[in-house]
Amino acid sequence: MLRLASYDIVFQEIPGEVTLALNLSECPNRCAGCHSPHLRESVGMPLDEELLTGLLADYGSAVTCVCFMGGDGDPGRVNELCAWLRGQRDGRLKTGWYSGCSDLADGIELSNFDFIKLGPYVEQLGGLRSETTNQRLYRIEQGKMTDITDLFHKKNGL
């Protein structure tokens, strides 16, 4: 089960999108230097289709993407909810997932996602904005993962 600890509308997590970022608790990764260590705990409410429907209704068409921030404790459920989201708004709502794992979890269907970030946070390497980061953000198109991490670097405009 996924638990929603908090959410926010963000503009920089997914380039070019107005994103409903869902901060999920019960993170199993335990990255040193994590900016949200409270998300290691089991906090928040169960995240399901009904809750997502309510959040999307609150923001109307202003949101162009929903991004799961975490969920590595139950990647299958992230996959299911993204599949469900693909059917919302006539398929015009994009989906993303920020995973702290180095590799994509077994059973993840790329067709359910438009964006996937992979990689644990390594404090000395920095996050996506750092040119030395180990983390990678991929755009998913036609079953292929294209690395778009460089869009976060200042020379490329973000």
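Buried means under 20% relative accessible area, exposed means over 50%, and partly exposed covers what falls in between (1.4 Å probe, protein chains only). These legends describe a predicted model, in which local features need pLDDT of at least 70 and side-chain atom pairs count only at pLDDT 80 or more, while totals for chains, interfaces and linings use all residues. Residues are numbered from 1 along each chain as its sequence is written, and side-chain values use heavy atoms, with hydrogens and water left out.

View 1. Let's start with Arg30, which sits in the loop between β2 and β3. Its phi is near 55°, a positive value in a residue other than glycine. Arg30 has a relative accessible area of 47%, so it counts as partly exposed. Now for Arg89, in the loop between α2 and β5. Here phi is near 50°, again positive in a residue other than glycine. Arg89 is partly exposed too, because its relative accessible area is 23%. For background, most residues other than glycine have a negative phi.

**View 2. The open sheet, strand by strand.** Strands (E, at least two residues) and helices (H or I, at least four) are DSSP runs, numbered from the N terminus. Two strands pair if DSSP finds at least two bridges between them. On that basis, 8 strands make up an open sheet in the order β3-β1-β2-β4-β5-β6-β7-β8, with mixed pairing. Its edge strands are β3 and β8 (144-147), each of which pairs on one side only.

**View 3. β1 with its neighbours β3 and β2.** Strand β1 (residues 3-10) runs antiparallel to strand β3 (residues 45-46), and 2 bridges join them. Look for Arg3, whose bridge partner in β3 is Pro46. With strand β2 (residues 19-24), β1 pairs in the antiparallel sense over 6 bridges.

**View 4. The parallel step from β2 to β4.** What sense does the pairing of β2 and β4 take? The two run parallel, with 5 bridges joining β2 to strand β4 (residues 65-69). To find your place, pick out Asn23, which stands opposite Met69 in β4.

**View 5. Where α1 meets α2.** Axes are lines fitted to C-alpha atoms, for helices over the stretch in contact, and angles run from 0 to 180 degrees between N-to-C directions. The axes of α1 and α2 come within 11 Å and cross at roughly 45°. That makes the two helices oblique to each other, since angles under 35 degrees count as roughly parallel, over 145 as roughly antiparallel, 65 to 115 as roughly perpendicular and the rest as oblique. The crossing is right-handed, meaning that the near helix is turned clockwise from the far one by less than a right angle. Contact here is heavy atoms within 4.5 Å. From α1, Glu49, Leu52, Thr53 and Leu56 meet Arg77, Leu81, Trp84 and Leu85 of α2. As for the sheet, α2 lies across β4 and β5, running at about 165° to β5.

View 6. In one, Arg77 pairs with Glu49, with the closest N and O atoms 3.0 Å apart. This pair links distant parts of the chain, as Arg77 is in helix α2 (residues 75-86) and Glu49 in helix α1 (residues 49-59), 28 residues apart. Arg77 also forms a salt bridge with Glu80, the closest N and O atoms again being 3.0 Å apart. Because Glu80 and Arg77 are 3 residues apart in helix α2, about one helical turn separates them. Arg77 is buried at 17% relative accessibility, Glu49 is partly exposed at 27%, and Glu80 is partly exposed at 45%.

View 7. The side chains of Asp114 and Arg86 meet in a salt bridge, 2.5 Å from N to O. Asp114 is buried, with a relative accessible area of 14%, whereas Arg86 is partly exposed at 26%. Asn112 is found in that loop between β5 and β6. Is Asn112 buried or exposed? Its relative accessible area is 8%, so Asn112 is buried. Leaving aside residues up to four places away in sequence, Asn112 touches Asn79, Cys82, Ala83, Arg86 and Thr95.

Note on methods:
Salt bridge = Lys/Arg side-chain N within 4 Å of Asp/Glu carboxyl O.
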